[in-house]
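Please open the model in your viewer and keep the selection panel at hand. We will go from one selection to the next, and at each stop you can compare the text with what is on the screen.

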Amino acid sequence: MKLNHFQAMLLFALVISIAFGFLSKRKLPDRVKYAVWAFFMFILIGVAIGWAMYPFSR
Amino acid sequence: MPDPKQSASVSSAAGRSEAKAWIVAGAAWLVPGLGHALQRKWARAVVYFVTVAALVAVGITMHGTLFTSEGAADAFDFLGYLSNLGAGLFYFIARPIASGAADAAHASGDYGTRFLATAGVLNLLCILEAYEIARRRKP
């Protein structure tokens with residue numbers, strides 16, 4: 001499977017967010033809301049850490 | 001004055017509950033989601049099974065490294081082995097497939113290694129939840 005960095009991060013975030021939604025919440029609407037929130041936080045924080053590391057990459 | 005017969009039956013019921021919880025935890029380790037299925041938490045059982053399976057499948061197809069106890073050269077390799085082992089049966093199914101296909105030289109191989117480790121660690125969270133449900137500490 002050939003995934004670029006961003007695709008791998010998206011897939012990872014998607015799978016983990018779904019699992020976290022079911023681990024953390026009981027009702028389906030709460031699970032969906034939590035999973036969506038967790039997904040966007042994974043992406044946001046991943047990109048933020050990437051930019052934070054950027055000055056040290058050169 | 002406490003009734004000794006009542007105290008004995010309460011402690012024996014607690015002992016049975018503890019034993020049942022450990023059996024549920026063992027089942028949850030062996031097959032991700034089975035601990036929840038045994039307690040009729042069907043949605044969670046399916047989701048945990050599918051998510052752990054997906055992480056293992058993606059990890060293998062990305063040529064990740066699956067650690068073994070024999071190949072553990074240092075503490076980090078051993079921790080990797082423990083995290084991989086958390087996926088239960090999926091680890092033993094993946095071992096013959098992943099052993100010849102690992103590609104640590106490329107980024108995708110590195111990501112695959114992380115996917116495989118995360119599968120095991122995620123299942124450890126699921127095992128803990130199954131145990132807590134069996135102990136009636138969680139719904």
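Select chain A, which has two helices and zero strands (helices are DSSP runs of H or I of at least four residues, strands are runs of E of at least two, and both are numbered from the N terminus). The radius of gyration of chain A, taken over C-alpha atoms, is 14 Å, well over the 10 Å that the globule rule (2.2 Å times the number of residues to the power 0.38) gives for 58 residues, so chain A is more spread out than a compact globule. Its C-alpha trace spans about 45 × 25 × 15 Å along the principal axes.

The model is predicted, and local features need pLDDT of at least 70, side-chain atom pairs count only at pLDDT 80 or more, and totals for chains, interfaces and linings use all residues. Residues are numbered from 1 along each chain as its sequence is written, while chains are lettered from A and ligands numbered from 1 in the order in which they are written.

Next, select residues 5–24 of chain A, helix H1, together with residues 28–53, helix H2, which pack at an angle of about 145° with their axes 8 Å apart (axes are lines fitted to C-alpha atoms over the stretch in contact, and angles run from 0 to 180 degrees between N-to-C directions). Among the residues that make this contact are Phe20(A) of H1(A) and Phe39(A) of H2(A).

Technical notes
Contact = placed C-beta atoms within 7 Å.
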